[in-house]
Amino acid sequence: MTDGWRLALRNLRRNRRRNGATALGIALGFAGLSILGGYVTRIELFLRTNTVYLQHGGHVAVYHAEGLEKAGARPARYSLTATDQVAIRRALEGDPRVEYSAGYLRGMGLAGNGCRTVPFAALGIDPGVLQRNVRQPDVRRISADFVRPVRGGQLFDYLDVDGAVGLAAGLARLLGKTRTHDDFGGPAAAVVVPDCGSPEATAQIAGDANVQLAALSFDGALAAIDGEVVNVFHTPTTDTEDQTLYTTLSTLQRLYSTDAVTYVAVYLKKWREAEPFARDLEARLRGVGLGVVAYPFTDERVSPYYVGSMTFLQSMVVFIVLLVASVVVLGVMNTGTLTVYERSREIGTFRAVGYTRSQVTGLFLREVTLLSAAGLAGGLALSHAVATGVRLANIRISPPGVPGTLQVVLTPGPAVYLALVALLLPLSILVTWLVVRRRLQERTADLLTATTA
Amino acid sequence: MASPFVSLADVHKTYRLGETLVPALRGVTLDLHQGEFTALVGPSGSGKSTLLNMVGCIDEPDRGSVLVEGRDVAHLSDDERSRLRNQKIGVIFQSFNLVPVLDVYENVELPLLINARVPKAERRDRILQAIEDVELADFVRHLPDKLSGGQRQRVAIARALVTSPLLVLADEPTANLDSGTTHRIVDLMLQLNESRKVTFFFSTHDEKLIARVARVVYISDGVIVDANGVPAAPRDPQPRHVAAEPRAGDGGPVPGGRR
């Protein structure tokens, strides 16, 4: 150990109680912020996987120029045609940032059970892409409970079932479809309910997995198809539980008599590249004459729930970090001030024997660096202990607006630790520097005769 | 006559104590030459410490000039003055001002840690020599609180001498010591003055000490009243050597004791 560090270590031992309390304050602050960081990291990952994979928004979603706002009302005008899709696919081919992409069709209509008709909002999905999405490592790790259907199997397991559909639990309840395809060992004979007002009607409605889907096709004609309920699931957010319906892209395209899609979702290898990729892709597509807009998943227009939640969380985190960092910094400043004033005569002596202001400052900065390092190491151990305890306790919460529960995991990643070290250590050093420099501005002769020695 | 090592010309210094201005030095002019052993004598509040601080480049005058080896210290930056203090001037304080967490060796080492002129390989030999010169070789690893007042002052002297300064300043170096220890500390200073030709300039009230110096500077109310006074009694012709073992006056622990 060099002489300066050795001296710093010895000086820290001088007032063990005060320095110990300061290190404990740093440790508690670090641990608290680490745990908060771990929680927010976990929530962000949950929201992101939900948005990107479970809601099928992709990291980047390519819409017709005004498709996001108008495709619902005028789908034929504002969807992506087969030609558009080819151009987009061509632009994505060979791009090393892209993992895969898929077209999705959104549509609205009416779902009936022979007695009752309710509106639905459908999403037509490529079954292969659905399979890839639910098998994403982050999805399996964070949202395994949310991709598992409440009843029945995954849509991609029923490729041989004509008109296979999955109903959100709320919609299934409204339609009285409490049983799915598997419960009947295959397509059940359609049950005709003679009297929807009779006491037997509910059981009769649940006697098959058939639903009728009716909608206006892209060319304005009334169209209808039969659907076979293969699963009942929870949507990623509760507000869509009573109307969401998933089916294969081809089934929905058949209902709407179109080969168009509402948007193309692009799934990237690195989620952090979403924003630059979206800008780049949009520019390239516009370059080939395609009037489209590419939205990264961080755009509030396509991901209001993700962006809104993260904005709230980030505001909360900033406030808490400022609060805790202020307490830590004040603690360090208090200790630094007391130490510097107590050792004024010693500072004067150092100056008298030839130490420059910078050299004396360096001695104190070494002390605060060691003190902070000890506090941060203690905080690291403490946050790990708390995170492990919480994980073992298997605490589960219901995030607002999300059906099902999520295990509370507080384990912060290296990025959180590094960010906190990068925040707290320089702050501690900075306030000590300010305190020492201020004292060093005084005349050496005054320091040598200071009474607080 | 050789040019003085330190030369003060018309130095003024005034302190502000609240609303009151207190003149500490009022037009001090003084030369100190290489190898002199000079006492600075004056009543309390006469400006002795302020004058020592001026000579040691620890403080700056409001008016007048301080030349060290012909260089006006007012023209030096703070860092240059620090280097000058480190390489040319040693300081001994009345209350020793040792760093309590450092042992004797480390306290003596302090000025050398920042002295670029002394190679690291040479550092250890110089420190041990300085400690030996003040006869504390058996206390190298003792902390200051395990030493007597006389021993602590000898550590301070070793610290002041380890850089081989041309000038050693001491502010009432024997004020906190008993008479026996005072005698031995003065012996040591005289011995170093003669053997190494180190210039000593120190403030004191001690008549016995004043009697042993070659030159006395009298100061009163911030004014030098006699810059070339002679002591009342002749200086000791043959300075006594400091004994190797601690004596009654030192009152310190036995050598080799542990911290």
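Predicted model: local features only at pLDDT ≥ 70, side-chain atom pairs only at ≥ 80, totals over all residues.
Biologist: What box do the C-alpha atoms of chain A fill, and what percentage of its residues is buried?

Modeller: Taken along the principal axes, the box is roughly 105 × 55 × 30 Å. Buried means under 20% relative accessible area, exposed over 50% and partly exposed in between, with a 1.4 Å probe and protein chains only. Of the 453 residues in chain A, the buried share is 52%.

Biologist: Which residues lie closest to the centre of the largest pocket?

Modeller: On a 1 Å grid over the protein atoms alone, a pocket is an open set of points with protein on both sides within 12 Å along at least five of seven lines, whereas a cavity is a set where a 1.4 Å probe fits but cannot get out; lining residues have an atom within 4 Å of a point. Grid points are joined across faces, edges and corners, and a volume is the space filled by probe spheres set on the points. The largest pocket holds about 1,200 Å³ of space. Of the 47 residues that line this pocket, the closest to its centre are Tyr63(A), Arg106(A), Ala121(A), Ala122(A) and Leu123(A).

Biologist: How many cavities of 30 Å³ or more are there, and which elements of chain A each supply at least two residues of the lining of the largest cavity?

Modeller: The structure holds 5 such cavities, and the largest cavity has about 200 Å³ of space. Its lining has 16 residues, and those closest to the centre are Phe146(A), Val147(A), Gln154(A), Phe233(A) and Tyr246(A). Helices (H or I, at least four residues) and strands (E, at least two) are DSSP runs, numbered from the N terminus. The elements asked for are helix H6 (127–134), helix H8 (144–147) and strand S7 (222–233).

Biologist: Is Glu106(B) buried or exposed, and with which residues is Glu106(B) in contact?

Modeller: Glu106(B) lies in helix H3 (residues 104–113) of chain B. Because its relative accessible area is 4%, Glu106(B) is buried. Leaving aside neighbours within four places in sequence, its contacts (heavy atoms within 4.5 Å) are Arg6(A), Arg10(A), Val101(B) and Arg141(B).

Biologist: Why does Arg63(B) count as partly exposed, and which residues is Arg63(B) in contact with?

Modeller: Arg63(B), in strand S4 (residues 63–68) of chain B, counts as partly exposed because its relative accessibility is 48%. Apart from neighbours within four places in sequence, Arg63(B) is in contact with Asp10(B), Val11(B) and His12(B).

Biologist: Where is Asp221(B) found, and what is its phi near?

Modeller: Asp221(B) is found in the loop between strand S9 (215–220) and strand S10 (223–229) of chain B, and counts as exposed at 51% relative accessibility. Its phi is positive in a residue other than glycine, with a value near 50°.

Key:
Residues numbered from 1 in each chain as written. Chains lettered and ligands numbered in written order. Heavy atoms only, no water.
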